[in-house]
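Biologist: Could you take me through one part of this protein slowly, as if I were new to structures? I'd like a close look at the aromatic rings and the nonpolar core.

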Amino acid sequence: MTHALSWFEIPSTDFDRAVEFYSTVLDRDIDLYSPEEDEAEAPSGRAGMFDSDEGEVGGMIIETDEFTTDNGATITYTPTDTGLVVYLNVNGDLDDAIDRVESGGGDVLIPKEPIPEMSGHYAVITDSEGNRVGLLSDE
């Protein structure tokens, strides 16, 4: 069975701050991508790709206000604390990740809670950019 989620993009207003926030809170490597000036099809800003293994869902932090495709379609990227919530796996102790949220410039909206009728726990935070994001742990 395939995953319902296949990719995610997290907008940032301060790219370096957002990369530091996610790499610290999730204790995960983020691979940086900077488009070459002469690449016509490159996004207009840097990207931080979440390190993921084969078959895992991937995503990135984006440094751009908008992206325009070759056919002229444009989408905007604005951090928000309303709407869609993406839950990221902390790969370890959720309490440790939550402890790193506020020191990294974020806020805890919902502290650690058990997931009803499932194993594991979750929390909901706002990141350093103002995006609302969920954190999950199997613990």
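Modeller: Let's go through the core and then its rings. Keep in mind that this is a predicted model. The largest nonpolar core has 22 residues, and those with the most contacts inside it include Tyr22, Val25 and Phe50. Which elements give two or more residues to this core? They are β1 (7-11), α1 (15-26), α2 (94-103), β9 (121-126) and β10 (132-137). Helix α1 supplies the largest share, 7 residues. As a general point, nonpolar side chains in soluble globular proteins tend to be buried together.

Now for the rings. There are 4 aromatic pairs by the rule used here. In one of them, the ring centres of Phe8 and Phe50 sit 5.3 Å apart with the planes at 55°. Phe8 is in strand β1 and Phe50 in strand β3 (residues 47-50), so to speak distant parts of the chain, 42 residues apart. Both Phe8 and Phe50 are buried.

Phe50 also pairs with Tyr22: here the centres are 5.7 Å apart and the planes at 80°, so this pair is edge-to-face. Tyr22 belongs to helix α1, 28 residues from Phe50, and Tyr22 is buried too. Put together, ring pairs join Phe8, Phe21, Tyr22 and Phe50 into a cluster.

Key:
Residues are numbered from 1 along each chain as its sequence is written. This is a predicted model: local features need pLDDT of at least 70, side-chain atom pairs count only at pLDDT 80 or more; totals for chains, interfaces and linings use all residues. Side-chain values use heavy atoms; hydrogens and water are left out. A nonpolar core is a set of buried Ala, Val, Leu, Ile, Met, Phe, Trp, Tyr and Cys residues joined through side-chain atoms within 4.5 Å. Buried means under 20% relative accessible area, exposed over 50%, partly exposed in between (1.4 Å probe, protein chains only). Helices (H or I, at least four residues) and strands (E, at least two) are DSSP runs, numbered from the N terminus. Rings of Phe, Tyr and Trp (its six-membered ring) pair if their centres lie within 6.5 Å; planes under 30 degrees apart count as stacked, over 60 as edge-to-face and the rest as tilted.
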